[in-house]
Amino acid sequence: MGQELTRLRRRRDARRGFDQIDNRRDMYLVVHYSCESFYDIKDGRTPRITSIAIRNFATGQTHSFSIHKCAEQNHVPFSDIASRYDELERQMLDEYFDFIKSRHGYSFIHWNMRDVNYGFQAIEHRYKVLGGEPFVIDDSRKFDLARALVSLFGVAYVPHGESGRLHGLIELNRITARDILTGKEEAAAFDSKEFIKLHQSTLRKVDVMGNILERVLDGSLATNASWLDTKGIHPAVVIEVVRDHWAWSLLLFAAGTVGLIASLKEFL
């Protein structure tokens with residue numbers, strides 16, 4: 001299958017996914033989390049999870065799970081959080097997995113949460129490390145908003161920059177960026193034990209993701225995509241359809257044969 005035809009089909013699949021969300025808004029949850037920096041860990045362990053936020057797309061109701069909230073519940077002084085991190089992270093993840101386990105039939109909208117470095121698998125792995133038995137969300141219930149936007153508008157729809165496309169969309173659409181941290185800022189906040197700042201950033205990001213999704217569904221999202229990118233129309237698609245689809249090839253062959261016969265009749 002040709003490149004442009006593949007892109008067209010991916011765009012159609014993404015559009016179908018967005019339509020499904022629009023039709024069942026109440027059954028979709030927007031999820032995001034913050035964690036320790038991937039790059040500053042020297043002992044080979046996986047990054048600790050600091051906070052998780054889950055927002056109902058239809059109602060905006062948001063549930064959050066964080067280290068500092070667990071510390072407060074257990075009357076752990078701020079100065080002791082670092083020494084009791086495993087205990088507090090385990091409690092936070094207990095609450096998170098209990099929550100998602102109870103959301104039967106819901107699907108989860110996320111931003112690049114795709115692997116064990118950063119994603120659902122990373123959260124599951126941390127829980128296993130801490131002695132828990134994670135509830136695994138089926139892949140069919142995960143919708144990667146970041147990838148879907150690339151499929152819908154093309155890779156150049158917004159600059160990636162140092163902070164990623166999410167921050168590029170925030171700037172391009174003039175969305176209030178209050179409390180949102182970049183990756184570098186999150187790493188610095190973790191090192192400084194600014195857990196509340198990390199939690200506020202995570203909460204704000206699920207809010208922004210819901211905002212972006214709403215704009216996609218109502219057609220008001222600002223992007224740098226061209227009209228051709230937005231509509232998925234490219235001259236090469238026509239050529240690829242003709243080349244790859246037997247029906248089109250047969251039709252052209254038949255048309256060519258008719259034209260040849262007509263020319264022979266004139267000649268004879």
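Let me begin with one aromatic cluster, which is formed by Phe65, Tyr96, Phe97, Phe99 and Tyr127, where rings of Phe, Tyr and Trp (its six-membered ring) pair if their centres lie within 6.5 Å, and where planes under 30 degrees apart count as stacked, over 60 as edge-to-face and the rest as tilted. Please keep in mind that this is a predicted model, in which local features need pLDDT of at least 70 and side-chain atom pairs count only at pLDDT 80 or more, while totals for chains, interfaces and linings use all residues. Residues are numbered from 1 along each chain as its sequence is written, and side-chain values use heavy atoms, with hydrogens and water left out.

For the overall picture, the chain has 11 helices and 5 strands, taken as DSSP runs numbered from the N terminus (helices are H or I with at least four residues, strands are E with at least two). Of its 268 residues, 43% count as buried, meaning under 20% relative accessible area, with exposed being over 50% and partly exposed in between, for a 1.4 Å probe and protein chains only. Among the contacts with a separation of 6 or more, 68% come from residues 24 or more positions apart, a contact being heavy atoms within 4.5 Å.

Helix 3 covers residues 85-101, and its 17 residues reach 24 Å from the first C-alpha to the last, close to the 24 Å expected at 1.5 Å a residue, the expected span being 1.5 Å times one less than the number of residues. Its buried residues include Tyr85, Leu88, Met92, Tyr96 and Phe99. An α-helix has 3.6 residues a turn, so residues three or four places apart point the same way.

The structure holds 12 aromatic pairs. In one of them, the rings of phenylalanine 78 and phenylalanine 195 have centres 6.4 Å apart and planes at 55°, so this pair is tilted. Phenylalanine 78 sits in the loop between helix 2 (67-73) and helix 3, and phenylalanine 195 in helix 8 (residues 195-218), 117 residues apart. Phenylalanine 195 is buried at a relative accessible area of 6%, and the ring of tyrosine 85 pairs with that of phenylalanine 195 as well, with centres 6.0 Å apart and planes at 75°, so that pair is edge-to-face. Because tyrosine 85 lies in helix 3 and phenylalanine 195 in helix 8, the pair ties together parts 110 residues apart in sequence.

What lies over the face of tyrosine 85? Arginine 48 does, at 4.8 Å from the ring centre, under the criterion that NZ of Lys or CZ of Arg is within 6 Å of the ring centre and within 35 degrees of the ring normal. Tyrosine 85 is buried, at 4% relative accessibility.

Turning to helix 8 again, Leu166, His167, Leu169 and Ile170 in helix 6 meet Lys205, Val208, Met209 and Ile212 in helix 8.

Finally, a word on backbone angles: most residues other than glycine have a negative phi, and most peptide bonds are trans. Arginine 174, however, has a positive phi of about 55°; it is found in the loop between helix 6 and helix 7 (183-191) and is exposed, with a relative accessible area of 77%. Lysine 193 likewise has a positive phi, near 60°, and lies in the loop between helix 7 and helix 8, where it is partly exposed at 35%.
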